[in-house]
Amino acid sequence: MHRKIIAPSVLAASLLLVIPASAADFTPGAPGIGDPYYPASGNGGYDVSHYDLKLRYQPKTDLLEGTATLLATTQQDLSRFNLDFGLAVSEVRVNGTKATFAKSGSHELEITPATPLPKGRSITVVVKYAGKPSELKVDGWTAWARTPDGGVAAQEPDSAVWWFPSNDHPLDKASYDVSVKVPDGTQAISNGVLQSQSSKLGWTTYNWRSNKPQASYLTTLAVGKFDITTDRTASGLPVLNAYSKDLGDNDGAARASIERTKDVAEWLESVFGKYPFNAVGGYVPNVTSHFALETQTRPFYSPAQFAGGANVSVVVHELAHQWYGDSVSVKGWKDIWDNEGFASYAQWLWSEKEGDGTAQELADWVYAQHPADDPFWKVKPGDPGPDNQFDGAVYDRGALAIQALRNTVGDASFFKILKGWPAEHAYGNAAVGDFVKYAEKVSGKPLAELFDTWLFQPSKPSGPAALKAGFGARAGVAASPSAKAVNPVKPVEPKSWKKIVESHSAHAGH
């Protein structure tokens with residue numbers, strides 16, 4: 001038999017390829033993904049591609065029992081890794097073998113597999129757990145709301161911790177299969193498309209699938225008794241809306257708003273491009289909160305949103321997030337303007353379409369409403385800080401910055417940017433700086449100074465800067481420090497402003 005002669009140096013190199021790293025080379029994954037706003041959010045060392053959740057929930061007792069299967073890939077040589085989770089865990093298996101686990105901090109589940117995990121390996125993690133989500137508090141607050149007939153998980157920036165283990169940060173998005181078993185006569189609603197439902201021995205199981213990358217905080221669960229309406233958009237997209245059966249006086253206004261989901265979504269496609277997901281809709285459970293949230297494919301609305309009558313503007317806001325915030329998610333929570341500025345501006349464009357006030361009239365109104373010493377101007381939408389992440393200035397001043405962009409680059413480039421951005425970064429993550437560079441590329445104009453003025457300076461833009469961006473003239477702003485201001489023409493409040501302001505409370509609970 002012919003034997004191949006291998007030089008010693010070649011043999012040594014080949015052995016390095018097959019000999020696994022020593023135990024000392026494996027290190028724990030970080031307990032946070034690296035977001036300075038929320039250091040404990042997310043984890044390092046792996047990336048999840050899919051969650052399969054099998055749940056059983058009893059509304060009478062608030063007992064949730066679950067088995068979560070996570071498909072992931074290691075991103076380093078891992079000795080152990082964390083998941084973000086708060087309920088009691090009974091068993092963890094990694095690649096089919098039992099792993100040891102321990103709780104640490106307010107919501108860290110530390111998992112040590114039986115053998116270390118090499119970088120680049122596909123892994124399966126199975127977690128069995130049970131508990132009452134309403135009894136779990138993290139840093140004094142909860143994302144789980146009990147209702148008279150069930151419970152709801154919806155919050156920002158965290159909600160998964162209360163009902164399934166995850167890598168809880170928008171940087172790690174995944175697809176979802178959510179199967180929920182509830183008592184007959186009760187429904188379970190989640191994201192995406194209802195694949196099937198079946199009943200057996202007094203329990204009904206609902207199987208939901210959301211097949212595009214989805215951040216953990218955008219994954220929702222609602223259990224209760226709902227009236228459900230279904231439809232399809234002109235392009236065949238399934239529409240599913242759900243209303244708690246005990247909304248009281250808010251029922252009519254809620255339906256008059258949410259049933260506009262179909263035509264709002266079709267209009268938004270003309271502004272932002274093709275809808276990015278497999279379903280659209282909304283749901284209104286009987287909760288006492290006041291906020292709304294852009295849970296992917298099926299936004300959550302509190303009944304209080306409709307206490308003043310129908311409000312289609314808030315539907316526009318949450319559906320706009322499907323492009324800006326859900327498909328294109330933040331890189332870090334400091335990039336919140338990429339979400340909220342554009343969802344707010346969508347409301348301005350809707351107002352323009354409906355003849356209730358142009359985006360320019362709304363911008364003039366916002367600019368005039370806040371004098372230079374108003375704290376409104378101290379908040380920097382481009383990096384507001386965790387305490388001001390959902391401040392009204394992020395929404396209104398954030399939208400003002402977008403109108404400034406429109407006035408600077410012209411409508412042709414502007415609407416090309418609005419459509420191109422979600423396509424360019426579909427299903428990914430982006431920072432504020434990424435948008436600035438993209439807008440410069442499309443428009444061919446230098447825009448860094450414009451965005452610095454309107455997003456990052458803690459003061460009211462005035463004089464030349466305001467006039468250059470298309471604001472101030474109607475308010476009598478002087479063109480330069482030495483020039484005299486003209487007599488101002490006080491902007492008239494646009495007809496749409498009241499409903500836009502009402503929708504602002506949508507963010508108070510985040």
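Contact, for these notes, means heavy atoms within 4.5 Å. I am working on a predicted model, where local features need pLDDT of at least 70, side-chain atom pairs count only at pLDDT 80 or more, and totals for chains, interfaces and linings use all residues. Residues are numbered from 1 along each chain as its sequence is written, and side-chain values use heavy atoms, with hydrogens and water left out.

**Helix α12.** I looked up α12, residues 497-504, and found W497, I500 and S503 buried (under 20% relative accessible area; exposed is over 50%, partly exposed in between; 1.4 Å probe, protein chains only). Helices here are DSSP runs of H or I, at least four residues, and strands are runs of E, at least two, numbered from the N terminus. Next I checked what covers them: the list includes α4 (312-320), α5 (337-354), α6 (359-369) and α7 (392-409).

**Strand β15.** I then turned to residues 221-224, where both faces are covered: L221 and V223 are buried on one side, A222 and G224 on the other. Pairing takes at least two DSSP bridges between two strands. β10 (150-153) runs antiparallel to β15 with three bridges, and A153 has L221 as its bridge partner. β12 (187-189) is also antiparallel to β15, again through three bridges; here A188 partners V223.

**Annotation.** Last, I found that an unreviewed UniProt entry lists residues 49-218 as "domain: Aminopeptidase N-like N-terminal"; such annotations may be inferred rather than shown by experiment. I get 0% helix and 56% strand over that stretch, with the end C-alpha atoms 15 Å apart.
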